[in-house]
Amino acid sequence: MRPKKERNQKRNNSSSPAKTRLNIDSGGSFGSSPSSRSSSTVPPGATYLLNRDTITEEGLFEERRGYNPDYKNPNNPRSFPYRVKQQCWEKAEKIKGRDPERWRRDPLGNIVFRKLVGCPGCLCHDYDHILPYSKGGKSTLDNCQVLQATVNRSKGNKIESEISRADLIQKSSYCRVAGREMDLLELSAYGNVRRGQDPGGCRIQ
């Protein structure tokens with residue numbers, strides 16, 4: 001007769017459903033448990049329960065290597081550093097009578113509001129690579145411009161020889177915004193309205 005402990009162990013093994021466990025070894029590779037690693041393959045995109053979190057196979061790679069979207073080229077990050085964005089905003093064209101910290105014009109003449117970034121509206125802006133990043137453009141101030149977000153998405157990774165200024169103007173999202181509307185936007189975003197410095201005096205045209 002088999003010992004009681006052995007019978008209980010056999011019963012537990014036969015009653016529990018088969019599970020594929022995800023293990024991370026010291027070398028950073030992952031797959032099924034060591035006993036079945038050679039006989040089974042982890043399908044791409046499969047999900048697993050690890051430490052009570054559902055993760056994807058690709059996500060585990062990213063977590064394991066301390067994922068950073070700029071890891072491929074840390075010397076030239078994909079996105080502009082915060083300091084470069086600040087300087088890029090400062091070199092954009094100012095709007096007369098409005099606070100330059102809140103309002104600017106992009107190179108096509110579109111008005112953009114500083115609080116609206118990365119959205120599809122007509123006052124929204126992006127920090128655009130003049131020479132696209134995918135074509136060797138650097139994430140530096142010289143290669144940065146404030147551009148209406150709609151135009152930036154239409155531009156994509158095209159260079160000046162592939163899309164003209166007239167084409168970009170045509171793709172601009174136009175909206176008529178006057179002083180009252182700008183005041184309301186400032187009130188909702190900042191809680192107050194600030195005017196730009198007016199140099200005063202007369203101008204002969």
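Which residues of strand 8 point one way, and which the other way?

1. Cys 144, Val 146 and Gln 148 point one way from strand 8, while Gln 145 and Leu 147 point the other way. All are buried, where buried means under 20% relative accessible area, exposed over 50% and partly exposed in between (1.4 Å probe, protein chains only). Strands here are DSSP runs of E with at least two residues, and helices are runs of H or I with at least four residues, numbered from the N terminus.

2. This is a predicted model, in which local features need pLDDT of at least 70 and side-chain atom pairs count only at pLDDT 80 or more, whereas totals for chains, interfaces and linings use all residues. Residues are numbered from 1 along each chain as its sequence is written, and side-chain values use heavy atoms, with hydrogens and water left out.

3. Strand 7 (residues 125-129) pairs with strand 8 (residues 144-148) in the antiparallel sense over five bridges; two strands pair if DSSP finds at least two bridges between them. Tyr 127 has Val 146 as its bridge partner in strand 8, and Asp 128 has Gln 145.

4. Strand 7 is mostly covered, with five of its five residues buried. His 125, Tyr 127 and His 129 point one way from this strand, and Asp 126 and Asp 128 point the other way.

5. Ala 189 lies in helix 6 (residues 179-190). Ala 189 counts as partly exposed because its relative accessibility is 32%. Leaving aside neighbours within four places in sequence, Ala 189 is in contact with Phe 113 and Lys 115; contact means heavy atoms within 4.5 Å. Arg 102 is 87 residues from Ala 189 along the chain, and their C-alpha atoms are separated by 10.0 Å.
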